[in-house]
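Colleague: Hi! Could you walk me through this one?
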Amino acid sequence: DWTMGAFRAEAIARIRAQVGTGRVVCGLSGGVDSSVAAVLIHEAIGDQLTCIYVDHGLMRANESEQVVGTFRDRFNIRLIHRDASDLFLGQLSGVSDPEVKRKTIGRLFIEVFEEEQVRLGGADFLAQGTLYPDVIESVSATGGPSVTIKSHHNVGGLPSHMRMKLVEPLRDLFKDEVRELGRELGIPEAIVGRHPFPGPGLAIRIPGEVTREKADLLRKVDTIFLEEIRAAGLYDAIWQAFAVLLPVRTVGVMGDGRTYDQACALRAVTSTDGMTADVYPFDMGFLTRVAGRIVNEVRGINRVTYDITSKPPGTIEWE
Ligand code: XMP
């Protein structure tokens, strides 16, 4: 009978057989899939693996520190942390079209990843946290007409001139199995149970032009929302929850004064695969408590809305 312990042992043997004495690079994103892939591969081949974490400056609060702390200090994985926030934010300046934002971030990601990979002296293999549903999706995508709603950017989407062989140890697994394997490998629950987060990060939760100031503001709102969700014991019942910074200013009243500040939206959905989603039915007491904290604690925000759109017709992200 099949157990995660047996899968782990077999996967390690397979990785060793495939890689031999070769060198492997892995793009870490902080997400579950690349994290589990990295720890599993590290267990198989140790320092033949180097992880590259390209920090675009659009992660959630404390996320980069957590990723670097976990993988470098706790698992002793060779890790390059490249802070490229100036580059990304510089190139995003003046860009407000959602697809141009996505493409800009995707292109820079590849450029920076490649630069670091070359600086390392190259590698023989590229590790990716591809899951079974990704395999199915790319097979069926070639079999018939498809509509691209958003150009997805992922760590693994490298150009063909970087022709490295792929190491994809999670290809047979579904998301819940990857989480189980992650726990088996001792990866902290904060990473294993984390909500999905899009490759372009907060950029697609800031409609209009992205700036460092807006990203900082959004991080504060997001942190409060997630703190309250965790405190209410709802985190694991929700597929994804996050805040969106709206490019709208509205009038409010604070003490004796009038405010004219930005509005934000909160989004929380349930889903099994991200393809369809339902709005999470918070009770009104929860929502008003979160809204109260946000307008009181985040200077620059004076209005909070809750997005009650399902997918379809909405998408989960706003861009
Ligand atoms: P949408 O907004 O299309 O999102 O309903 C569906 C799921 O995909 C995530 N998402 C992304 N994930 N790179 C990713 O790795 C991306 O570019 C990207 N865009 C959206 C989104 O967070 C949701 O879980």
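Modeller: Happy to, and we can go through the domains, the core and a helix in turn. This is a predicted model, where local features need pLDDT of at least 70, side-chain atom pairs count only at pLDDT 80 or more, and totals for chains, interfaces and linings use all residues. Residues are numbered from 1 along each chain as its sequence is written.

Colleague: Great. How is the chain divided into domains?
Modeller: There is domain 1 (4-192) and domain 2 (211-306), with bounds from an automatic or database domain assignment. Their C-alpha centres lie 29 Å apart.

Colleague: And how many residues does the contact take from each?
Modeller: Six residues from domain 1 and six residues from domain 2, where contact means C-beta atoms, placed from the backbone, within 7 Å. The domain 1 side that touches domain 2 has four nonpolar residues, one polar and one charged. Here Ala, Val, Leu, Ile, Met, Phe, Trp, Tyr, Cys and Pro count as nonpolar, Asp, Glu, Lys and Arg as charged, and the others, Gly among them, as polar.

Colleague: What about the largest nonpolar core, how many residues has it?
Modeller: It has 77 residues, and those with the most contacts inside it are Val24, Cys26, Ile41, Cys51 and Val221. Such a core is a set of buried Ala, Val, Leu, Ile, Met, Phe, Trp, Tyr and Cys residues joined through C-beta atoms within 7 Å. Buried means 20 or more other C-beta atoms within 10 Å of a residue's own, exposed means 12 or fewer, and partly exposed is in between, with C-beta atoms placed from the backbone.

Colleague: Which helix gives the largest share of this core?
Modeller: Helix H2 (residues 32-45), with nine residues. Helices (H or I, at least four residues) and strands (E, at least two) are DSSP runs, numbered from the N terminus. The core draws at least three residues from each of domain 1 (4-192) and domain 2 (211-306).

Colleague: Switching to H10, which residues are buried there?
Modeller: Val290, Ile294 and Val295. They sit on the same side of H10, because they cover an arc of only 125° around the axis, taken from the directions from the helix axis to the C-beta atoms. On the other side, Gly285, Thr288, Gly292, Asn296 and Glu297 are exposed.

Colleague: What covers the buried residues of H10?
Modeller: The cover includes helix H9 (212-231), strand S7 (257-270) and strand S9 (301-306).

Colleague: Last one: why does lysine 103 count as partly exposed?
Modeller: Because lysine 103 has 15 C-beta neighbours inside 10 Å. Lysine 103 lies in helix H5 (residues 98-119).

Key:
Contact = placed C-beta atoms within 7 Å.
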